[in-house]
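Student: Could we go through this model together, and could you tell me at each step which value stands behind the word that is used?

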Amino acid sequence: MSKPGYVYIMASRRNGTIYIGATSDFPARAYQHRNGLIEGFTKEHGCKLLVWYQAHDTIEAARARELQMKKWKRLWKLREIETMNPDWDDLFESLF
């Protein structure tokens, strides 16, 4: 049986650099991004704000959605964020 999964978007600031990822351990992964514990894109570009997320029944479904969204135009991604989070608030604290 597969674990549930999450697709999420981290941002450097409103309308700044964004990163789309997928994970089965969402709170831990968001914490790692926030605190610069993961080497790579999010650390280099300061993507520390959790601005959007979506739950899926399986990690496979979350990964499929992540890949789909990574192909989207930037405007579509920004629209997706603003539908859920119009003020680009950091949603990290809402996870707990």
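This is a predicted model: local features need pLDDT of at least 70, side-chain atom pairs count only at pLDDT 80 or more; totals for chains, interfaces and linings use all residues.

The conversation below takes up helices, aromatic pairs and salt bridges in turn.

Student: How do you know that the length of helix H3 agrees with its number of residues?

Tutor: Helix H3 runs over residues 59–70, which makes twelve residues, and at 1.5 Å a residue these should span 16 Å. The expected span is 1.5 Å times one less than the number of residues, and because the end C-alpha atoms of H3 are 16 Å apart, the two values agree.

Student: Which residues of H3 are buried, and what puts them on the same side of the helix?

Tutor: The buried residues of H3 are Ile 59, Ala 62, Arg 65, Glu 66 and Met 69. Around the helix axis they cover an arc of only 120°, and therefore they lie on the same side of H3. Their packing partners are strand S1 (5–11), strand S2 (18–23), strand S3 (49–56) and helix H4 (74–84).

Student: How do you know that the buried residues of H1 line one face of that helix?

Tutor: In H1 the buried residues are Phe 26, Ala 30 and His 33. Seen down the axis of H1 they fall within an arc of 60°, so they line one face of the helix. These residues pack against S1, S2, helix H2 (41–45) and S3.

Student: Why is His 33 called buried?

Tutor: The word applies under 20% relative accessible area, and since His 33 has a value of 4%, it is buried. His 33 lies in helix H1, residues 26–34, and, leaving aside neighbours within four places in sequence, it is in contact with Tyr 8, Met 10, Tyr 19, Ile 38, Thr 42, Cys 47 and Lys 48.

Student: What makes the pair of Trp 72 and Trp 76 edge-to-face?

Tutor: Trp 72 and Trp 76 have 70° between the planes and are 6.4 Å apart, centre to centre; because planes over 60 degrees apart count as edge-to-face, that term applies. Trp 72 counts as buried at 18% relative accessibility, whereas Trp 76, at 41%, counts as partly exposed.

Student: Which residues form the aromatic cluster?

Tutor: Tyr 6, Tyr 8, Tyr 19, Phe 26, Phe 41 and Tyr 53 form one aromatic cluster.

Student: How many salt bridges does the structure hold, and why does the contact of Glu 82 with Arg 14 count as one?

Tutor: The structure holds five salt bridges. In the one between Glu 82 and Arg 14, the closest N and O atoms are 3.7 Å apart, and since the cut-off is 4 Å, the contact counts. The pair links distant parts of the chain, Glu 82 being in helix H4 and Arg 14 in the loop between S1 and S2, 68 residues apart.

Student: Where do Glu 66 and Lys 70 lie?

Tutor: Both lie in helix H3, four residues apart, about one turn of the helix, and they form a salt bridge whose closest N and O atoms are 3.1 Å apart. Glu 66 counts as buried at 11% relative accessibility, whereas Lys 70 is partly exposed, with a relative accessible area of 41%.

Key
Residues are numbered from 1 along each chain as its sequence is written. Side-chain values use heavy atoms; hydrogens and water are left out. Helices (H or I, at least four residues) and strands (E, at least two) are DSSP runs, numbered from the N terminus. Buried means under 20% relative accessible area, exposed over 50%, partly exposed in between (1.4 Å probe, protein chains only). The arc is that of the directions from the helix axis to the C-beta atoms. Contact means heavy atoms within 4.5 Å. Rings of Phe, Tyr and Trp (its six-membered ring) pair if their centres lie within 6.5 Å; planes under 30 degrees apart count as stacked, over 60 as edge-to-face and the rest as tilted. A salt bridge is a side-chain nitrogen of Lys or Arg within 4 Å of a carboxyl oxygen of Asp or Glu.
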